[in-house]
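Please read them with the coordinates open.

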Amino acid sequence: MKRRDFFKRSIFGLSIPSFIFGNSKVSRNKNKPVIITTWNYPKANEIALGLLDNHGNAIDAVEAGCRIVEADEENIYVGIGSLPDENGKVTLDSSVMDSRGNCGSVAFLQNIIHPVSVARKVMDDTKHVMLVGDGAKKFALSKGFKHKNLLTKKSSKAWREWLKNKRNMSPHDTHDTISMLAQDHNGDLAGACTTGGWAYKMHGRVGDSPIIGAGLYVDNEIGSAAATGLGEEVIKISGSFLVVELMRQGYSPTEACEKALSRVIKGHNGNPDFQIGFIAMRKDGEVGSACLKWSFDYLVSKNMNTKLYKVKGLIN
Ligand code: SD4
């Protein structure tokens, strides 16, 4: 769809996305449910899709999808088995946001296997949006989550190897944060992301994933977006919020991701040496993605089929 088709002009000259109008070409998504997920986590999409197919809602679906990856001990980027910080501590970040604009997040959470579900509890059971560190952990324990050692043999071994020369790492070296956006049969949107963050980071470091507007944003009228990559740079541009606002202005999901990244490129004299990837979903079910460098994989589930896509970096 062309950008110009996406708008109708109101009598006041304001641009209004056309799906707000009942008779629009983009009015309704007939391919619901839809899911887009960073990287290649087919099991996460399968679980989320199963839930949506049974008329589950989008927020339950993204939580369930993310939990699968958090529980996978072999995965060194998310949940149990995540690569630790420089002190050998596994510290996790996660956030969720639903169709009513409710959100919850946890950051610097230790010894709890499912940060995405703790984030969900923060959203559902507290007046707050974000809990961090010890407070987040105490809250999780009070809600029945169990204390668990998240440093596996595999991640401990990798950390001890790293200690030998303390090579500078970037999130791109140890990527694969899962961010998932979904639309359910009702057309409602929700999103979640969960990560172990930057491997061997400073103790106490928090990335973009638990920061609403940076790692994740959902606006049920317009669309949703989420990020992966160097969290510090995503935070600086309020990345996911920016992508959603660009869709509000009429850019397609892919264009919105590209346009947000063009700010990063400009801010780094045309040549950033790190990775950011965005995924986006518009209210009509159209999805898109873009990344700064190299390439980036993402999974899309539509019409009950799941397909892996690869997008090339804007600069290489
Ligand atoms: C972070 N954005 O903590 C996360 C890392 C990431 O794929 O996405 N890795 O900065």
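1. Thr228 has Gly277 in E11 as its bridge partner. This belongs to the pairing of strand E10 (residues 223–229) with strand E11 (residues 276–282), which is antiparallel and has seven bridges. Gly223 also stands opposite Arg282 in E11. Two strands count as paired if DSSP finds at least two bridges between them. Strands (E, at least two residues) and helices (H or I, at least four) are DSSP runs, numbered from the N terminus.

2. On provenance: the model is predicted, local features need pLDDT of at least 70, side-chain atom pairs count only at pLDDT 80 or more, and totals for chains, interfaces and linings use all residues. Residues are numbered from 1 along each chain as its sequence is written, and side-chain values use heavy atoms, with hydrogens and water left out.

3. E10 is also joined to E9, by four bridges in the antiparallel sense. Here Leu216 has Ala226 in E10 as its bridge partner. E9 and E10 make a hairpin, with three residues between them. Six of the seven residues of E10 are buried, so the strand is largely enclosed by the rest of the structure. Buried means under 20% relative accessible area, exposed over 50%, and partly exposed in between (1.4 Å probe, protein chains only).

4. These strands sit in an open sheet of four, ordered E9-E10-E11-E12, with antiparallel pairing. Strand E9 (216–219) and strand E12 (287–291) are at the edges with a single partner strand each, so one side of each has no neighbour in the sheet. The twist averages 10° from one strand to the next. Axes are lines fitted to C-alpha atoms, for helices over the stretch in contact, and angles run from 0 to 180 degrees between N-to-C directions.

5. Another open sheet has eight strands in the order E6-E5-E4-E8-E7-E3-E13-E14, and its pairing is mixed. Its edges are strand E6 (130–132) and strand E14 (305–312), each with a single partner strand, so one side of each is left without a neighbour in the sheet. Strand E5 (residues 103–109) pairs with E6 in the parallel sense over three bridges. In that pairing, Val106 has Leu131 in E6 as its bridge partner.

6. Which residues of helix H6 (residues 153–165) are buried? They are Ser155, Ser156, Trp159 and Trp162. Seen down the axis, the buried residues of H6 fall within an arc of 120°, so they line one face of the helix. The arc is that of the directions from the helix axis to the C-beta atoms. Lys153, Lys157, Lys164 and Asn165 are exposed on the other side of H6. Lys166 follows H6 and has a positive phi, near 45°.

7. Val243 is in helix H8 (residues 239–248). Val243 is buried, at a relative accessible area of 0%. The C-alpha atoms of Val243 and Cys291 are separated by 13 Å, and the two residues are 48 residues apart along the chain.

8. The largest pocket has a volume of about 160 Å³. A pocket is an open set of points on a 1 Å grid over the protein atoms alone, where a 1.4 Å probe fits, with protein on both sides within 12 Å along at least five of seven lines; lining residues have an atom within 4 Å of a point. The lining has 14 residues, and Asn57, Ile59, Asp98, Ser99 and Arg100 lie nearest the centre. H4 gives the largest share, three residues.

Conventions
Grid points are joined across faces, edges and corners, and a volume is the space filled by probe spheres set on the points.
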